[in-house]
Amino acid sequence: MSTKKHLIDVQLYSKFSKTTTMKSLRQVIFVLGLLIIFSAFTSSIPAENWIKLFDGKTLTGWKASEHPSTFTIADGAIVVFGDRAHLFYEGAVANHDFKNFEFKASVMTTPGSNSGIFIHTAYQEEGWPSKGYEIQVNNTHTDWRKTGSVYAVQDVKEAPAKDNEWFTQHIIVQGKKITVKINDKVINEYTESENGRLSSGTIALQGHDPKSKVFYKDVMIKILPN
């Protein structure tokens, strides 16, 4: 083989190698770009369309009645401890007017404590909320109506959770039916009559009495079709 032919072959190989490498590099960059765009798009979509109602740091979007000092924040949780009061969600999500929805929160009760989660309710300055239903939060308080009760309508007699342990309280409202789950287990299913209290409204957390201390975190909602 002549030296000239050898040099031409080397040059052609070098040119081919560089062209192939650049093409492969462009393909890799293109694929990485698609992955970045896809990742950014999917991360902006809440898992299963759950929307947080509590940011873990402030009570922005919430309004307390009677005794606002009953509600404080510690370690990413709403601490309910003080005189009777209710904390109503008044934020922008669905203009705080929910009809069909799923509500979920991590809850921890302390011994002898009592609280509740009101649904389809509305802000009122004093007293127990008159609109909607209360879903009971009570594992060892003297009130015999325990966690998961649709209070004084369809009650649960045995506590499905323990004090000083976090549990998940999941409330589903669909049409005329209320389903309550504790730690993913159905505890109560109630279907109201034509003259029931379901309509639409907001959520409220109850401060029951000065001896009751209850914690709420990971407070979220999923809007369901009407």
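Here is a short chat about reading aromatic pairs and ring-facing charges in this structure.

Trainee: What kind of model is this?

Mentor: It's a predicted model, where local features need pLDDT of at least 70, side-chain atom pairs count only at pLDDT 80 or more, and totals for chains, interfaces and linings use all residues. Residues are numbered from 1 along each chain as its sequence is written, and side-chain values use heavy atoms, with hydrogens and water left out.

Trainee: How many aromatic pairs does the structure hold?

Mentor: Rings of Phe, Tyr and Trp (its six-membered ring) pair if their centres lie within 6.5 Å; planes under 30 degrees apart are stacked, over 60 edge-to-face, and the rest tilted. Here there are 6 aromatic pairs. One of them is Trp 62 with Tyr 89, edge-to-face at 5.3 Å centre to centre, with 75 degrees between the planes.

Trainee: Which residues do ring pairs link into a cluster?

Mentor: That cluster holds Trp 62, Tyr 89, Phe 98 and Phe 101.

Trainee: Which charge lies over the face of Trp 128?

Mentor: A charge sits over a ring if NZ of Lys or CZ of Arg is within 6 Å of the ring centre and within 35 degrees of the ring normal. For Trp 128 it's Arg 84, at 4.9 Å from the ring centre. Arg 145 lies over the face of Tyr 151, at 5.1 Å from the ring centre.
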